[in-house]
Amino acid sequence: MPIRAAILGPTGYAGYHLVDRLLRHPHAELTYLASHRDELPDVREEFPRLLGRLDDELARCRPIDAAAIAEHADVAFLALPARAAMTYAPMLLDAGLRVIDISGAYRFPEPALYERAYGHAHADPEHMADAVYGLPELNRRAIPDASLIANPGCYPTPAAIAIAPLLTHSLARREGIIVNAASGVTGAGRKAVAHLHFPEHNEAFTAYGRIGRHQHQPEIEQTLARAAGQPASVLFVPHLLPIDRGILATIYLESVDGEVTEEELFEALEDAYADEPFVRVREDLPNVKDVLDTNYCDVTVRRVETGDSVRIVVFSTIDNVIKGASGQAIQNMNLMFDVDETAGLL
């Protein structure tokens with residue numbers, strides 16, 4: 001029996017790529033599209049690339065009705081804003097569905113942590129501690145039995161993958177980590193925003209957001225603390241690239257021991273990810289073009305001497321709407337339902 005999948009919010013970029021990949025997934029069937037818009041959309045009108053791939057009944061979104069969705073699906077993907085996700089997730093869970101949330105609604109285990117990161121109260125504190133953080137490369141053991149998956153943020157994904165092995169192998173200090181990362185504009189979603197208007201953003205490159213207080217900073221720190229078993233401190237600075245898709249993270253760490261070699265740094269990455277199908281440890285410097293439209297994370301590392309100290313510089317790239325959103329969500333679904341982890345993604 002195929003995995004029956006529903007998508008709530010299929011008209012955003014993450015929603016579209018979920019539709020696209022589920023339609024060609026060998027072990028899944030897309031059975032239900034739902035929207036919380038007052039005027040229910042037809043996804044073929046939103047994304048003409050889907051013409052000829054969906055029949056009329058499936059293409060026209062239906063209202064969000066947990067009981068009706070549960071009759072047609074085994075798993076529901078929430079490609080909704082966080083406030084909407086935390087409204088609908090409890091209903092879907094109560095209806096017996098497994099839920100994969102792409103928003104930031106369930107990435108923190110406590111309401112106070114969420115409120116500090118996002119600036120508003122959480123509407124579903126009951127399920128926060130039950131959510132499993134869905135970064136397979138660092139948390140795969142917990143994913144198969146999960147009822148609620150919190151898909152990681154796009155920036156925290158390449159950052160955590162790049163940094164965690166260096167902490168767990170005691171090669172880099174947990175304090176003073178700097179993550180400079182740049183993303184294509186799809187990371188901001190499809191909603192029209194003045195500074196993302198083409199004439200404003202073309203030929204431009206800028207930092208943005210709440211520097212030092214961005215919601216992804218505590219998420220990165222939390223993920224690294226879980227991996228290393230000790231707290232980590234991070235300064236995260238996001239930048240906006242004048243491209244559609246892709247993230248390049250350049251990460252600066254201090255070495256624990258100035259005698260660390262570049263060979264040891266590479267060995268830590270290779271040891272951590274030798275059996276991971278979507279992490280490629282590279283000797284050359286990664287380029288966002290190399291991961292475009294894939295679920296891969298490419299990572300490399302350099303040892304740099306600066307004066308009397310030794311710094312470690314790690315580079316990590318992903319496609320922000322695939323490995324940073326919909327592709328990772330499908331990777332989690334595959335693990336939850338015990339099918340080939342790469343199904344629908346290669």
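**Exercise 1. Find how strands S13 and S14 pair, and follow S14 to its other neighbour.**

Step 1. Strand S13 (residues 297-306) runs antiparallel to S14, with 9 bridges between them. Strands here are DSSP runs of type E with at least two residues, helices are H or I runs of at least four, and both are numbered from the N terminus. Two strands pair if DSSP finds at least two bridges between them. The model is predicted, so local features need pLDDT of at least 70, side-chain atom pairs count only at pLDDT 80 or more, and totals for chains, interfaces and linings use all residues. Residues are numbered from 1 along each chain as its sequence is written, and side-chain values use heavy atoms, leaving out hydrogens and water.

Step 2. Look for arginine 303: isoleucine 312 of S14 stands opposite. In the hairpin, 2 residues lie between the strands, and glycine 307 has a positive phi near 65°.

Step 3. Now turn to strand S11 (residues 247-254), which pairs with S14 in the antiparallel sense over 8 bridges. Here threonine 250 has phenylalanine 315 of S14 as its bridge partner.

**Exercise 2. Check the span of helix H5 and locate its kink.**

Step 1. The expected span is 1.5 Å times one less than the number of residues.

Step 2. Move along to tyrosine 88, where H5 has a kink of about 30°, shortly before proline 90. The bend is the angle between axes fitted to the seven residues ending at a residue and the seven starting there.

Step 3. After H5 comes glycine 96, with a positive phi near 95°.
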